[in-house]
Amino acid sequence: MMFGKLFFNKGRREEREGKGGRNYGFQSLFPIVLFLPLLLFLLSSTPKHDYHVSVTQMQYNPALKSFEISIRIFTDDLEKGLSLSNDKQRFILKTGDKNDAFIEKYIRKSFILTDSQRKPVTIQFVGREQEEDATWVYLEIPFQGPLDGCKLQNATLMEVFDDQVNMTNIKLASDKKTLLFKKGQSTHIL
């Protein structure tokens with residue numbers, strides 16, 4: 001409280017004494033007080049994140065002879081992707097909504113595993129979960145046979161963001177590898 005008295009009284013004392021000093025009272029702070037709400041509004045309307053990335057975990061389960069897949073995507077990015085692929089319809093993803101069919105259709109277009117004969121392998125949509133800022137999509141791909149010659153495409157959100165990167169961690173028995181999918185390189189040979 002002492003600082004406030006010194007700060008505001010100094011300018012008034014100099015004005016009263018005619019010293020022509022700067023007025024550090026409330027009047028000089030008034031433009032800042034007006035500008036502060038505008039600044040807070042501009043900062044709150046900026047994007048939530050500056051990068052566009054998804055992370056996929058793809059693990060082969062030999063007992064079930066299938067790949068178990070989880071994809072973590074920023075929810076606001078996924079909402080934009082769904083909107084663009086559905087005639088600009090607005091999507092708000094939250095727990096209990098009725099958007100699973102839209103998400104499944106979208107993921108099936110962008111996440112594709114082909115076998116060595118270049119035939120797409122059937123993908124089963126298991127479901128999804130919502131977090132504060134991310135959506136988890138769960139898939140299962142029944143798979144038998146060698147992976148030699150198989151290709152994986154992960155082009156999720158690449159039509160929305162030029163800088164989209166889809167990091168995919170693949171675990172097969174004791175072999176682990178990470179693949180980065182980006183515009184111009186949306187398919188990799190496994």
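Reply: Methionine 58 stands opposite isoleucine 170 in E7. This position belongs to the pairing of strand E1 (residues 53-61) with strand E7 (residues 165-172), which runs in the parallel sense over seven bridges; two strands pair if DSSP finds at least two bridges between them, and strands (E, at least two residues) and helices (H or I, at least four residues) are DSSP runs numbered from the N terminus. The model is a predicted one, in which local features need pLDDT of at least 70 and side-chain atom pairs count only at pLDDT 80 or more, while totals for chains, interfaces and linings use all residues. Residues are numbered from 1 along each chain as its sequence is written, and side-chain values use heavy atoms, with hydrogens and water left out.

Six strands form the open sheet, in the order E4-E5-E2-E1-E7-E8 and with mixed pairing. Its edge strands, E4 (124-130) and E8 (175-182), each pair on one side only, and the twist averages 15 degrees from one strand to the next.

Helix H3 (residues 75-84) packs on the sheet, where it touches strand E2 (66-74), E4 and strand E5 (134-142), contact meaning heavy atoms within 4.5 Å. The direction of H3 makes about 100 degrees with that of E2; axes are lines fitted to C-alpha atoms, for helices over the stretch in contact, and angles run from 0 to 180 degrees between N-to-C directions. Helix H4 (residues 100-110) also lies across E2, E4 and E5, running at about 120 degrees to E4.

Within helix H3 is glutamate 79, which touches Phe91, Ile92 and Leu93, not counting residues up to four places away in sequence.
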